[in-house]
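I looked up the pockets in this structure and noted what lines them. My entries follow.

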Amino acid sequence: MSKTLHLTIDDRPVRVSPGTTIWQAARDHGIDIPVLCHDPKMTPVGVCRMCVVDIGTRVLAAACVRECEDGMVVRTRSPRVEQQRRVLLEWLLADHPVPCEREKTTGDCELEFLARQFGIVKSSCDAVASRQNGAARIDSSSRVIAVDHQACILCDRCIRACDEIQCNEVIGRMGRGTFTRIAFDLNDPMGKSTCVSCGECAAACPTGALTHKPITLPLVPESQTQAIDSVCPYCGVGCALTYHVFNNTIIRAEGRDNPGSEGRLCVKGRYGWDYALHHQRLTKPLIRRPEFYPKGPLSRAVKETGPSKPGGIVDYDEVLPAFREASWDEALDLVAANLLRIKKEHGPGALAGFGSAKCSNEEAYLFQKLIRAALGTNNVDHCTRLCHASSVAALLECIGSGAVTDVFGHIRHAEVALITGSNTTANHPVAATFFKQAAKRGTKLIVVDPRRPAIADFATWYCRIKPGSDVAFYNAIMHVLIYEGLIDEEYIQNHTENFTELRAVVEKYAPEYVSPLCGIEAPTIREIARTIGRSKSMMIFWGMGISQHTHGTDNARCLIALCLLTGNIGRLGTGLHPLRGQNNVQGASDAGLIPMVYPDYQPVGSEAVRQKFEAAWKAPLDPKPGLTVVEIMAAALRGDIRGMLMMGENPFLSDPNVNKVRQALARLDFLAVQDIFLTETAEFADVILPASSFLEKTGTYTNTDRRVQIGRKVLDPPGDARLDWQILCDLSHRLGYPMHYDSPEEIFAEFADLTTNYRGLNYDNLGATGKVWPCPKPMTSDGTLVLFGEGFPTPTGKGKFVPCEVAPADELPDDDFPFILNTGRILEHWHTGTMTRRASILNDLKPGPFAEAHPDDLARLGIRSGEPVTVRSRRGSIRLPVLASDSVTRGSIFIPFHFREAAANVLTNDALDPFGKIPEFKFCAVKMER
């Protein structure tokens with residue numbers, strides 16, 4: 001077959017590759033062929049026939065599905081074609097309400113646009129006798145999408161968007177003949193169906209059949225809004241989006257094309273942005289009144305030491321009386337004076353700072369610079385300690401880098417993908433769409449998790465291992481690979497070390513021995529190992545179900561060993577990908593917001609590195625690594641840490657063992673909190689500084705793929721709230737360490753120049769879609785997507801096997817506390833709920849706390865699904881409704897940690913992984929009572 005086809009379209013010579021459709025060929029050559037059912041992101045189906053063209057045959061051809069042929073002559077605007085389109089439009093318009101809801105609001109109904117082009121005018125009164133008339137025409141049950149069946153033209157774009165892009169498979173057709181219509185699940189109301197409110201269907205719909213409901217102001221045409229390109233402020237996927245702003249108010253958001261997210265969004269990205277407009281935003285600096293000392297919690301939910309009372313978001317009427325408004329000068333002077341006093345009286349080691357993975361790279365860099373250079377301590381950390389610290393520890397140890405080795409979208413090139421300890425559809429929903437697509441195209445998914453995640457519906461194998469048995473399970477997989485000769489011996493010889501030690505350890509972990517330990521039958525373990533060993537490419541994705549254990553580093557070591565053993569690193573569609581949690585947890589870590597490393601993971605204990613930063617920052621630096629998040633709280637409880645600065649962090653809800661955190665915060669001599677809302681942690685503050693939200697500033701953010709993107713200012717900060725980087729500079733000046741910058745770009749330039757991985761990047765070459773670090777040629781390249789094809793950044797250039805033995809969790813169930821508690825996130829909320837519980841849509845979708853337990857456990861205890869229960873651990877108790885769920889293994893309870901009125905971290909154990917210093921959020925012993 002010829003590599004190039006030659007044809008003419010409207011007398012214009014065209015050359016295309018075989019397999020190109022007529023519609024695509026025409027578009028590539030600037031020739032417009034109208035469509036209604038077609039979208040280039042989805043499979044063409046040719047149902048609307050609007051794109052028909054004349055190719056000289058008896059029947060007009062649908063251009064979206066008909067492929068080009070050599071010598072073909074195409075007419076796109078012949079009288080015959082135009083007449084056909086006109087008739088089709090008249091038929092479609094006969095049932096269509098004019099104007100439809102889309103045309104009345106955003107003004108972009110594609111059907112009515114084409115009708116105007118063809119000069120077809122129709123009065124709305126013509127639609128009286130509609131096939132979809134009556135009460136059933138309108139479905140308003142969804143919180144985010146309005147359904148008008150009369151405006152539907154049955155183009156199936158919504159069905160394909162749901163099936164092919166998001167892979168949720170909620171929408172189909174029902175009825176026959178003129179009564180055919182789209183339907184959700186088994187013809188349920190949309191709001192009662194399994195719809196996850198991603199909005200992909202409404203984004204794809206060409207008419208007013210599916211439209212976004214307004215969140216803030218009424219929707220208006222795009223021409224009346226200011227469109228600002230930015231990125232999503234939630235998870236580590238870092239989806240690219242465009243905000244449409246009207247009168248300093250966001251009215252809607254839409255996905256934007258990007259190599260990572262490809263225009264997709266989830267419910268949080270598309271509908272969860274109005275938190276920035278919430279009436280509880282902090283707008284003035286606040287200073288604690290003298291009568292509210294000694295310090296303690298102020299709101300009911302934070303005061304509780306027993307079962308928490310209903311609380312929702314912080315009640316300002318309970319908290320604000322303890323504070324008075326102040327000027328910025330007074331507030332910053334007070335913060336500086338107290339931090340300097342503590343430094344003078346107790347030394348720099350008595351101070352600490354918590355930064356935030358919600359802030360930009362520039363803010364993270366400045367924050368750690370202030371703590372180190374102005375206050376003289378390495379006691380600086382952020383929520384990476386609570387997410388993937390153990391993963392990073394293992395990656396640095398084994399392959400010399402804490403970065404992902406391949407991007408999540410390359411799962412499309414993998415024959416096998418292992419997804420372990422990750423509820424991907426809830427925590428990284430857009431990444432999950434790529435995983436589901438890959439499975440549909442033939443990638444074999446192996447899903448391993450004690451709690452069955454939704455992605456398991458697409459898996460070739462789902463393994464419900466016993467909680468805490470990861471090391472045993474993966475050692476058994478490696479045992480089979482080694483003893484059945486399914487390893488890559490050449491790769492092991494040339495690119496790894498310590499294989500003999502690994503083989504000696506896993507020798508005893510035969511599947512028959514491990515099966516009782518992990519709960520998976522030996523033949524299944526063998527079959528999974530053989531699938532991995534016989535595949536040409538495998539990617540491993542993992543989440544906090546791997547990392548948040550006292551043996552989390554061991555769990556990650558096993559996954560790394562599995563890739564090294566099979567040579568699955570350094571090639572397209574292979575490698576290690578710990579899915580980053582927060583939107584900038586990768587970037588904040590890259591920027592040095594970690595107690596043991598400077599920016600770009602340069603160790604504070606290295607004299608040469610320290611001298612480099614002392615010269616750059618013109619300040620002496622502490623040679624000792626600092627304390628981590630949980631260690632800082634423990635030191636505060638002992639009285640060793642006396643003063644703290646917190647920027648965008650809420651440890652009262654995010655840290656384990658909340659009762660201990662409460663005591664530690666109350667014991668601090670001085671606490672300054674820089675945030676956008678009065679958080680639970682801020683109740684213990686001496687000074688509260690009103691900061692800027694993600695939507696009110698420009699800065700860079702690095703996603704889970706290592707893609708550095710620019711988030712741009714969308715709104716003005718409310719009241720006297722200020723940009724975080726400017727607050728830090730003003731405070732640093734008062735601390736005797738001036739930091740002068742004119743813009744975030746200048747800060748980024750300083751940061752990038754001190755690194756290897758970011759060097760060469762700047763705001764100009766990051767452009768609209770960002771770059772993946774490292775990016776040696778930023779003007780011509782998207783960056784290095786696949787790392788370590790030629791070896792590893794270790795002293796020997798080789799990856800290291802670190803064998804691990806099975807170790808128990810710190811706290812095991814017993815007669816008094818017979819259940820295992822597992823905590824995590826849900827789709828509609830994020831982290832401590834500071835943002836999402838103030839986002840109207842998200843809070844309406846999931847307004848309150850709940851627990852999940854297996855139906856058999858509830859039946860045994862005489863508890864009905866939906867009843868309130870008390871869940872107790874050795875550290876505290878909470879009260880909340882419990883729901884029966886088969887996704888939870890028997891003997892376990894799952895509780896999301898977003899809800900302050902039933903804070904899951906009242907229960908959790910603050911025992912630490914000895915290497916990553918991450919607490920054991922995923923395993924502690926609890927009891928459940930009616």
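The domain bounds I use below come from an automatic or database domain assignment. The model is predicted.

Entry one, a pocket across domains. I checked which domains line the second largest pocket: domain 1 (5-94) and domain 2 (105-116 + 127-277) each give at least three residues to that lining. I read a volume of about 740 Å³ for the second largest pocket. Its lining has 29 residues, and those closest to the centre are Asp-108, Glu-110, Ala-203, Ala-204 and Glu-254. I then listed the elements that give two or more residues to this lining: helix 3 (101-105), helix 5 (157-165), helix 6 (200-204), strand 10 (210-212) and strand 13 (250-255). Sorted by class, I have 12 charged, 11 nonpolar and 6 polar residues in the lining of the second largest pocket.

Entry two, the largest pocket. I noted about 1200 Å³ of space in the largest pocket. I find 43 lining residues there, with Val-196, Thr-425, Ala-454, Leu-827 and Glu-828 closest to the pocket centre. Two elements are on my list as giving two or more residues to the lining of the largest pocket, helix 13 (424-427) and helix 14 (429-441). Which element gives the most to this lining? I have helix 14 down for that, with 3 residues. For the classes I wrote 19 nonpolar, 13 polar and 11 charged residues in the lining of the largest pocket.

Key: Residues are numbered from 1 along each chain as its sequence is written. This is a predicted model: local features need pLDDT of at least 70, side-chain atom pairs count only at pLDDT 80 or more; totals for chains, interfaces and linings use all residues. Side-chain values use heavy atoms; hydrogens and water are left out. On a 1 Å grid over the protein atoms alone, a cavity is a set of points where a 1.4 Å probe fits but cannot get out, and a pocket is an open set with protein on both sides within 12 Å along at least five of seven lines; lining residues have an atom within 4 Å of a point. Grid points are joined across faces, edges and corners, and a volume is the space filled by probe spheres set on the points. Helices (H or I, at least four residues) and strands (E, at least two) are DSSP runs, numbered from the N terminus. Ala, Val, Leu, Ile, Met, Phe, Trp, Tyr, Cys and Pro count as nonpolar, Asp, Glu, Lys and Arg as charged, and the others, Gly among them, as polar.
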